[in-house]
Amino acid sequence: MGAVKGFLANYSGNLQAALVLWPVFSAMLTLPILAYLYHRDGRLRFGSVVATYLAVLYVLGIGCFTLWPLPDGDVGPGITYGVPANFNPLNFIGDIQKDGLRAVFQLLFNVVFFVPLGFIAGRLLRMRFWPTVLVALGTSVLVETAQYTGLFGLYDFAYRCCDVDDVITNTLGGAVGWMLAAAFTMVMPQKMEAVDITEHPGFLRRCVALWIDLTIIQLGTLLVWLVISGGWQLATGALPQLPGLDSQQTNELAAGVIAAVLFLVVEVVVPWRHDGSTPGGSFVRMTCESHPRTTGYRIAFYVARTLTLAAALYVPFVAVPFLLVFYLIARRMPYDYVP
């Protein structure tokens with residue numbers, strides 16, 4: 001028991017780091033998963049939301065357990081001499097002979113550590129066995145490469161041990177996790193329902209759709225401005241600069257104008273021509289129009305919706321809580337009241 005406690009104590013700081021980072025990265029990591037689940041299932045169950053957030057914590061845990069803590073100071077592993085790698089797949093035999101139960105616990109931990117990855121892939125994402133094994137293998141290789149290269153060159157030497165045995169045991173853990181998910185599915189089958197476009201999306205689905213739309217707008221703004229700026233520099237040999245503004249101010253103004261135009265295209269023009277579905281709405285299978293409207297009322301609807309979204313983007317700490325409370329009470333958004 002003392003050996004187990006000592007082994008786990010080595011990772012207490014890593015778990016704390018994962019818990020601290022979880023709120024920071026949760027939105028960034030969970031929104032793509034939620035978007036995929038909406039696209040696949042046409043709905044989002046409470047269990048899927050909980051599983052997604054736990055999956056995010058687990059992903060952060062992989063990084064924290066394998067790469068944290070980072071070297072500090074100017075001496076020690078990763079700074080002056082590095083940690084030698086092990087490319088001998090039978091090296092664990094010598095470790096067991098030397099360290100006894102501690103080495104056994106390390107091997108078992110490396111297997112168990114990737115069991116949740118296989119379970120998530122098999123149950124939540126419904127991946128098949130061999131793709132799951134490849135994901136586990138690729139994830140482990142990525143981690144070991146980061147360890148071998150000193151976090152991809154951030155440090156001059158490796159500050160953690162790259163071990164081929166870890167790749168083998170991690171991959172085995174992913175396979176075991178998938179088989180556990182398959183057994184669990186036999187006991188608790190997942191319901192497969194027809195997927196339709198919903199005219200009454202929930203608040204979370206609306207947020208996911210908006211996140212996809214904003215991602216498209218941001219990428220589009222960057223691409224358009226790179227083309228314009230690059231063409232300007234090729235033609236004139238200088239950075240774009242409007243009269244009375246420096247190059248930085250010109251960049252900000254141009255990016256704002258491009259983003260505003262793309263926002264109107266994505267949030268007004270596209271849904272107007274596609275029965276209320278924005279690009280993000282189409283992906284998560286929803287329309288923002290709860291019922292057909294005549295032209296005049298439809299214009300009023302999109303004006304009200306655009307103003308609402310603008311408020312949510314520019315004053316989020318005021319508008320978003322208000323809209324959430326409004327939706328929880330009325331089960332619709334303010335612009336849905338347009339006849």
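Helices (H or I, at least four residues) and strands (E, at least two) are DSSP runs, numbered from the N terminus. With that, I read the chain as α-α-α-α-α-α-α-α-α-α-α-α-α-α. The tally is 14 helices and 0 strands.

**Ground rules.** I am working on a predicted model, where local features need pLDDT of at least 70, side-chain atom pairs count only at pLDDT 80 or more, and totals for chains, interfaces and linings use all residues. Residues are numbered from 1 along each chain as its sequence is written, and side-chain values use heavy atoms, with hydrogens and water left out.

**Whole chain.** I checked burial (buried is under 20% relative accessible area, exposed over 50%, partly exposed in between; 1.4 Å probe, protein chains only). Of 339 residues, 36% are buried. I then took the accessible surface (Shrake-Rupley, 1.4 Å probe; for residues, only the protein chains shown count as cover). It comes to about 19,400 Å², and carbon and sulfur atoms hold 72% of that. For contacts (heavy atoms within 4.5 Å), I kept pairs at least 6 apart in sequence, and 73% of these join residues at least 24 apart.

**Cores.** I looked for nonpolar cores (buried Ala, Val, Leu, Ile, Met, Phe, Trp, Tyr and Cys joined through side-chain atoms within 4.5 Å). The largest has 24 residues; Leu44, Tyr58, Phe113, Phe114, Val208 and Val284 have the most contacts inside it. Helices giving two or more residues to this core include H2 (12-41), H3 (46-67) and H10 (203-236). A second, separate core has 10 residues, among them Phe203, Cys288, Leu323 and Tyr327. Back to Phe113: leaving out residues up to four places away in sequence, Phe113 touches Tyr58, Gly61, Ile62, Phe65 and Thr66.

**Pocket.** I ran the pocket search on a 1 Å grid over the protein atoms alone (a pocket is an open set with protein on both sides within 12 Å along at least five of seven lines; lining residues have an atom within 4 Å of a point). The largest pocket has a volume of about 840 Å³. Its lining has 31 residues, and Leu29, Val59, Leu60, Ile62 and Gly63 are the closest to its centre. H3 gives the most to this lining, 10 residues. Helix H8 (150-153) is one of the elements that supply at least two.

**Thr215.** I found Thr215 in helix H10. Thr215 is partly exposed, because its relative accessible area is 28%. Its C-alpha atom is 9.3 Å from that of Gly280, 65 residues away along the chain.

Key. 1 Å grid on protein atoms, 1.4 Å probe; cavity = no way out; pocket = protein on both sides within 12 Å on 5 of 7 lines; lining within 4 Å. Points joined across faces, edges and corners; volume = space filled by probe spheres on them.
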